[in-house]
Amino acid sequence: MSVQEYLEKHLLPRKIEEAVNAAVRAKAADPVLFISTHMRRAAPAVITRVCARQILDSRGAPAVEVDLHTNKAVHRASAAGPSAPEGAAVDATRDVEKRRLLAKAVAESVRLINGKVSEALVGMDPQQQAQIDQAIMDLDKAHHRTEVGANAMLAVSIAACKAGAAEKEVPLYKHIADLVGKSATTLPVPAITVINGGTHAGNNLPIQEIMILPIGAKNFEEAMQMGSETYHHLKDIIWEKYGSESCNIGDDGGFAPNISSITEGLDLVIAAIDRAGYNGRIKLAIDAAATDFCVGKKYDLEFKSAKKTGQNFKTGDDMIEIYSQLCSEYPLVSIEQPFDKDDWEHSKKFTTLELCQVVGDDLLMSDPERIKRAVNEYTCDALTLKGSQVGTVTEAIGLGTRMTLSSPTWLSVQQLDRSKPVPPAVESASLNTISF
């Protein structure tokens with residue numbers, strides 16, 4: 001195509017005339033800069049290159065970072081590196097080997113992105129998210145995320161999503177709302193981790209996280225302020241009670257005092273809420289991550305203890321009693337993964353009690369079939385939908401809408417079925433009404 005043909009095809013003479021007229025009307029101090037900016041906006045954005053590199057995530061593990069170039073800007077996104085091969089390096093003593101295998105997987109993802117993925121996306125309109133994601137998925141002929149890798153796909157997909165929002169000159173959340181088909185947008189109540197345990201900390205607390213939910217805040221800014229103040233009061237309380245060495249933090253930023261009792265942890269948080277002056281305005285949530293301490297069909301609450309008494313080996317029914325008592329004694333409105341990933345029976349029994357929101361994580365694995373079963377059997381009433389388990393922005397949105405989610409998104413807690421009754425405490429926390 002000749003230059004003249006190109007100019008005529010894209011109506012550039014007319015667009016240049018419009019830009020000049022706009023500069024005159026605006027009485028631009030720098031007409032050349034004004035016209036250049038005007039023309040830049042008038043020209044459609046296209047993807048010109050996609051390049052990736054290996055980075056280290058917040059835990060020092062290899063991860064994928066992507067720069068998606070358009071003819072207007074560069075947009076960056078990252079995702080945790082692909083998991084090591086199944087069965088490889090599963091215990092802590094082989095952590096070095098695990099990271100080596102993970103680094104190999106990330107290096108392969110980087111090579112694929114810089115090659116096949118980049119070639120497939122060059123020339124595409126970044127606003128066409130579904131088409132971009134389909135082009136990425138088409139490269140994975142087996143459709144098992146084994147050729148490109150789910151996290152590599154996700155990093156590219158999110159970078160494209162950012163480019164699409166930039167081209168429309170709207171915030172990212174608004175662009176996602178458009179993709180979902182939602183007009184109203186609502187910020188969720190933040191769930192702030194304040195105490196870590198389980199496999200995310202070196203203490204003896206069996207559950208993975210204790211979180212606070214500032215439901216009494218007037219807006220998101222105030223919610224974060226309440227969370228921050230409570231967090232720092234908690235540090236002071238832990239320091240006073242256990243000493244400075246207990247103020248170390250776990251993988252998710254929560255404190256990791258050497259406690260073994262769930263109630264002891266909740267009591268510490270309640271004391272911090274009281275000291276901060278937010279009684280009644282902050283609720284509690286826990287992520288039990290019970291798969292980590294399930295042995296056979298029982299739950300070992302001393303799984304991290306060097307001196308096991310044998311008194312804390314619980315059945316599923318025992319765990320239901322423990323959770324029920326916690327819900328009656330504390331302002332506990334949400335429990336994530338209270339049972340093993342395959343313990344559908346007890347998860348259902350506990351969910352039907354409707355004492356709190358029951359969030360499925362390992363139980364569901366962002367898998368459509370497992371989610372369908374959970375909806376049909378009322379095995380939990382919320383899910384953690386993780387983009388890294390799905391692959392692309394479009395698939396995450398599609399998964400949410402197909403599974404009757406109230407507000408599809410990723411990396412957020414969502415209610416599975418709004419037709420089921422929701423405890424008033426949970427409803428007031430707005431946990432089930434996240435929308436984009």
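This is a predicted model: local features need pLDDT of at least 70, side-chain atom pairs count only at pLDDT 80 or more; totals for chains, interfaces and linings use all residues.
Start by selecting β7 together with strand β8, residues 298–300: the two pair in the antiparallel sense over two bridges.

**Stop 1**

Zoom in on V295 and look across to β8, where its bridge partner is K298. Now widen the selection to take in β9 as well. What is the strand order of this open sheet? The order is β7-β8-β9, three strands with antiparallel pairing. Colour β7 (294–295) and β9 (313–314) to pick out the edges: each of them has a single partner strand, so one side of each is left without a neighbour in the sheet.

**Stop 2: the loop between β11 and α12**

Next, select the loop that runs between β11 (357–360) and α12 (368–377), and find M365 in it. Check the backbone torsion here: phi of M365 is near 55 degrees, a positive value in a residue other than glycine. Then step to S366, which lies in the loop between β11 and α12 too. Phi of S366 is also positive, near 55 degrees, and this residue is likewise not a glycine.

Is S366 buried or exposed? S366 is buried, because its relative accessible area is 6% and the cut-off for buried is under 20%. M365 is partly exposed, with a relative accessible area of 33%.

**Stop 3**

Which residues make the nonpolar surface patch of about 250 Å²? Select I16, V20 and V24 to show it. I16 belongs to helix α2, which covers residues 12–26. With a relative accessible area of 42%, I16 counts as partly exposed.

**Stop 4: the whole protein**

Finally, clear the selection and zoom out. A cartoon view takes in 15 helices and 13 strands. The protein has 436 residues, and buried residues make up 48% of them.

Terms used: Residues are numbered from 1 along each chain as its sequence is written. Side-chain values use heavy atoms; hydrogens and water are left out. Helices (H or I, at least four residues) and strands (E, at least two) are DSSP runs, numbered from the N terminus. Buried means under 20% relative accessible area, exposed over 50%, partly exposed in between (1.4 Å probe, protein chains only). Patches are made of residues with over 30% relative accessible area and no salt bridge: like charges are joined within 9 Å, nonpolar side chains (Val, Leu, Ile, Met, Phe, Trp, Tyr) within 5 Å. Accessible areas come from the Shrake-Rupley method with a 1.4 Å probe; for residues, only the protein chains shown count as cover. A salt bridge is a side-chain nitrogen of Lys or Arg within 4 Å of a carboxyl oxygen of Asp or Glu. Two strands pair if DSSP finds at least two bridges between them.
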